[in-house]
Amino acid sequence: MSDSETIASGYAFTGPALDLGALLWDGACLPDAQIRIPLPMLNRHGLVAGATGTGKTKTLQLIAEQLSAQGVPVFLADVKGDVSGISAPGAANDKVTGRAAEVRQQWTATGFPAEFYALGGIGHGIPVRATITGFGPVLLSKVLQLNQTQEQSLGLVFHYADTKGLELIDLKDLRAVVTFLTSDEGKPELKNIGGLSTATAGVILRSLTAFEAQGMADFFGEPEFNTNELLRTASDGRGMVSVLELPAVQDKPQLFSTFLMWLLADLFHDLPEVGDADRPKLVFFFDEAHLLFNDASKAFLDSITQTVRLIRSKGVGVFFVTQTPKDVPGDVLAQLGNRVQHALRAFTPDDQKALKATVKTFPNSSYDLEEILTGLGTGEAVVTVLSENGAPTPVAVTRLRAPESLMGPVDAATLDQAVKSSSLYGRYAQAVDRESAYEKLSARPEPQETPKATPRSAPKEDESMVQQVVGSGMFKSLARSVGTQIGREITRSLFGTARRKR
């Protein structure tokens, strides 16, 4: 058996699979040697890497289309604004028909069911918001660029707010609690669980002010997005493709990368264990992945690693999308069983080091990968995936298929129409600002008209403001309206995000 036949036999799966393209060998495309990914292995995670302009986005589109066609929901982060075309049929041209003929693809122009989202409603899309308490102190510290000490202090603030039933919905709620805890009246509240220094509180408050000044307040609030919306299928049984439109916030990379991690962590908290299923519940594409790992603390990286390791058993596959494998920490990279590596550049000594490091992450192969990776054309990639029995397949240089949906953005009017006609638009479009920590801490008990007022309505001289608020009729009324969410500590998980049942 020749080397090319050995490689081809490694991809001859019997069960359902996604078709990536045809094998390239000695400069020739071999259409009989189809390169595929077994559908059940999509929850073993993956990496799509390559230099700018090598075709990563089209690869995501190709995989997303086939997942949707097989009834699997998909989440895509659209950083550049060119993935919205997945909702519209593609346009046939000489390049598309030529590629389809080369790889023996039955190409048919097809649009796929899609929902479009936008962080905080900034840009085109259904607003995606998180409450401050749901987002949690660890992810918020990452966004605010706090150091370890400041992160721990912020965690203390969350702990206090949780136990006292002070709901942190938006940024003004958090600012109000921090300000109160550093006031003369609030300092005693923390004496039994550790103090909050004025200097650290000042850093947190300044960070919040700067964050809000950059227009970030819209991302936090209610209604909080229910990540179960990402698991839906369309009426025809195809998986819904959820596209998070990010061009309007692409100059805030740390924010959107951390928000993506919140979405993933929230799914992890809520989904039940399913073990090894015949298909994923969801495949989540994490674009610009290197932004998540930049300047991340060890604890933060450990949480990411644990989330990626464990979410597989909940039926969710995660594909990180970045330029080189070295952008992803080794412990995370080790969890990524499927690899699609587009071309790399080697113009500088750093590029050369990255190229050599990338080659070492692949199984042994018959190819000279250092030469191959710098010579790949657009829409070509080096592929290795997990076979049906979980073993790595042979490395295969692949000419990829063409997406069947539109390879580019739909126009703004079409996008707006799709957003406003969605059944989710009415649920999330309008922001709600209900009573929470800011309002409670701003409230003051009304002065008593006479010294002989009923003792129970008169606060003790040494009673703190929070105790006064908790004892007020207004607070009790609110407690009845929100049930068990008030007056108890919120259970938090890996990233300090709030766990809640839906």
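Strand E11 (residues 380-384) and E12 run antiparallel and are joined by 4 bridges; two strands count as paired if DSSP finds at least two bridges between them. Helices (H or I, at least four residues) and strands (E, at least two) are DSSP runs, numbered from the N terminus. This is a predicted model, where local features need pLDDT of at least 70 and side-chain atom pairs count only at pLDDT 80 or more, while totals for chains, interfaces and linings use all residues. Residues are numbered from 1 along each chain as its sequence is written, and side-chain values use heavy atoms, with hydrogens and water left out.

Back to E12: Ala-381 sits opposite Thr-398 in that strand. E12 also pairs with strand E1 (residues 17-25), again in the antiparallel sense, over 3 bridges, and here Gly-21 faces Leu-400.

Now hop over to helix H2 (residues 56-69). Its end C-alpha atoms are 20 Å apart, which agrees with the 20 Å that 14 residues should span at 1.5 Å a residue; the expected span is 1.5 Å times one less than the number of residues. H2 is mostly covered too, with 12 of its 14 residues buried, among them Lys-56, Glu-65 and Gln-66 as well as Leu-60, Leu-62 and Ile-63. After H2 comes Gly-71, with a positive phi near 85°.

Conventions: Buried means under 20% relative accessible area, exposed over 50%, partly exposed in between (1.4 Å probe, protein chains only).
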